[in-house]
Amino acid sequence: MATTPVTDLLARTERPDPVLDATAVAGWPAGALDQLTRMGLLAAGSPAATAACDACGFDHVEVVRWEPGHPPRARIPCPECRVVWLDPAALARWVVRLPVLARLVASAVGAAGEVVERVPGRVWKLGPVRVAGRVWAGHLALGLTRPDAAAVVERVPELRAPHALVLVPSVVPAEALWASDRVPPVVPLCDLLALGPTGPGVDRDALARALPAAPRARAEGAGAGVPHAPRQDLGAGDTHRRGAPPPGPGRRDGGPVRVRRGRVREPPQEEHPERPVGAAGRTRATPRRTRHR
Ligand SMILES: [Zn+2]
């Protein structure tokens with residue numbers, strides 16, 4: 001499955017440390033990093049503190065040491081090469097600014113009202129979102145497959161309201177997360193959100209298709225008081241798998257928006273699912289380096 005800068009960025013926000021390193025952005029189209037930085041979605045972070053050595057035959061990760069100068073130089077020790085100099089650009093990292101993401105998502109889905117952070121760094125209330133003739137209480141929730149996710153959603157009772165809509169970056173949690181009679185529709189943004197010339201856009205038709213026609217509930221009478229839209233042929237069990245766009249490019253405000261086919265990703269089993277084995281805390285950066293003996 002091909003990724004885009006937006007899907008890369010969204011996937012990182014599911015983690016406790018939403019950071020992109022130089023390797024992660026190396027394959028991005030020209031200008032994408034600048035655009036996301038100008039929008040405030042990414043901010044330059046501290047450089048990687050550790051780096052893996054690929055100058056020798058040993059698989060080792062070392063703490064990066066900086067030598068003052070103009071510009072400063074970075075190096076790691078190596079048992080074979082003694083010193084391996086690193087390209088500082090390869091140690092660069094960018095932090096995803098989550099409050100900016102929440103505001104941009106609210107704007108992209110057309111949410112009205114104020115964006116309110118309900119659980120720090122995890123859940124934002126986006127405001128009312130009108131989709132397919134119904135008004136939803138839009139929320140953005142991150143990391144719903146982390147070990148503490150149940151405690152996080154427990155702090156926001158509105159997430160289980162009859163008209164709640166939960167947008168997640170990329171990973172849909174198991175229904176067991178919602179320890180209640182009501183499971184809200186959960187829609188992954190990675191299938192809806194695309195970067196246009198003026199910023200992120202959401203294909204609203206695809207969003208509408210991803211939502212059930214009636215509130216998802218295990219209890220009877222769950223839809224009381226909620227305005228009903230014309231019935232769509234969409235089974236409740238398919239909710240997380242839908243999101244497939246109509247044929248042709250999706251559009252928002254007349255501008256082209258790329259839409260990717262719906263998918264369901266396996267939730268990560270660990271807090272740091274992509275951490276390399278055998279090197280706790282090591283960076284994934286594989287900087288270019290020159291060898292000096
Ligand atoms: Zn080495």
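Two strands count as paired if DSSP finds at least two bridges between them. The strands themselves (E, at least two residues) and the helices (H or I, at least four residues) are DSSP runs, numbered from the N terminus.

This is a predicted model, where local features need pLDDT of at least 70, side-chain atom pairs count only at pLDDT 80 or more, and totals for chains, interfaces and linings use all residues. Residues are numbered from 1 along each chain as its sequence is written.

Let's start with the sheet. Three strands form an open sheet in the order β1-β8-β2, and their pairing is antiparallel. Because β1 and β2 stand at the edges with a single partner strand each, one side of each has no neighbour in the sheet. On average, neighbouring strands here are turned by 30 degrees against each other, direction ignored; axes are lines fitted to C-alpha atoms, for helices over the stretch in contact, and angles run from 0 to 180 degrees between N-to-C directions. Three bridges join β2 and β8 in the antiparallel sense, and Ala 44 stands opposite Trp 94 in β8.

Here is where some of the elements sit:

| Element | Residues |
|---|---|
| Strand β1 | residues 19-21 |
| Strand β2 | residues 42-44 |
| Strand β8 | residues 93-96 |
| Helix α1 | residues 5-12 |
| Helix α5 | residues 149-154 |

Helix α1 lies across β1 and β8, running at about 130 degrees to β1. Contact means that the C-beta atoms of two residues, placed from the backbone, lie within 7 Å.

Now look at Ala 150, which belongs to helix α5. Leaving aside neighbours within four places in sequence, Ala 150 is in contact with Leu 177 and Ala 179. Ala 150 and Leu 177 are 27 residues apart in sequence, with 5.7 Å from C-alpha to C-alpha.
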